[in-house]
Amino acid sequence: RSTQSRSSAASDVYKRQQWYCKIPPKLKEQYVDKMSQDLLYGSESEEFQTLEAFLMSRGPEWCISSTNHWGIPVPVFQYKQSGEVFIESDVIEHIIKLFAQYGSDIWGDWSVTDLLPEDFKSKAEQLQKVEDVFSQEFESGCSWFVQLLSNQLAQGVLPN
């Protein structure tokens with residue numbers, strides 16, 4: 001527990017693992033360039049200028065998780081004994097397909113064994129699900145991107 005300097009109100013400090021992804025500067029430039037072509041308001045608008053300045057000023061590591069206990073789960077396992085993260089692209093792709101078919105609530109409802117693809121079921125007893133969720137900003141950005149792609153595909157435009 002700590003005290004805030006401005007109001008003297010007590011606040012609780014929570015320590016919780018966060019998930020980050022690295023965004024190389026070149027990729028950030030590509031994102032900004034792509035957004036300048038697709039934005040409703042255009043690249044000269046104040047909205048775009050503000051967004052561009054914000055994105056370019058951020059460091060290469062972006063937090064994609066939240067300290068909330070609700071939201072879309074980060075589909076990752078960890079070893080029970082060591083706490084070491086277990087990430088395999090085949091497992092994540094399998095879980096993405098399960099989420100698409102059954103919804104993300106299965107992360108809380110299904111066992112580790114049920115979530116793993118056949119080739120990894122032998123590891124189920126050693127693993128546990130992480131309880132972290134994606135940040136709302138990450139979720140809304142992904143939703144926006146999927147909607148943008150859907151609209152482009154509906155118009156017969158293939159994304160490059």
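S6 and S8 pair over three bridges, in the antiparallel sense; two strands pair if DSSP finds at least two bridges between them. This is a predicted model, in which local features need pLDDT of at least 70, side-chain atom pairs count only at pLDDT 80 or more, and totals for chains, interfaces and linings use all residues. Residues are numbered from 1 along each chain as its sequence is written, and side-chain values use heavy atoms, with hydrogens and water left out.

**Exercise 1.** State the strand order of the sheet and identify its edge strands.

*Solution.* Helices (H or I, at least four residues) and strands (E, at least two) are DSSP runs, numbered from the N terminus. The order is S7-S6-S8, an open sheet of three strands with antiparallel pairing. S7 and S8 (127-129) each pair on one side only, as edge strands. In S8, Leu 127 has Tyr 79 opposite.

**Exercise 2.** Compare the span of H3 with the expected span.

*Solution.* H3 (residues 89-102) has 14 residues. The expected span is 1.5 Å times one less than the number of residues. For H3 that gives 20 Å, and the helix reaches 20 Å from its first C-alpha to its last.

**Exercise 3.** Sort residues of H3 into buried and exposed.

*Solution.* Buried means under 20% relative accessible area, exposed over 50%, partly exposed in between (1.4 Å probe, protein chains only). Val 91, Ile 95, Leu 98 and Phe 99 are buried. They lie on the same side of H3 because they cover an arc of only 100° around the axis, taken from the directions from the helix axis to the C-beta atoms. On the other side, exposed residues include Asp 90, Glu 93 and Lys 97.
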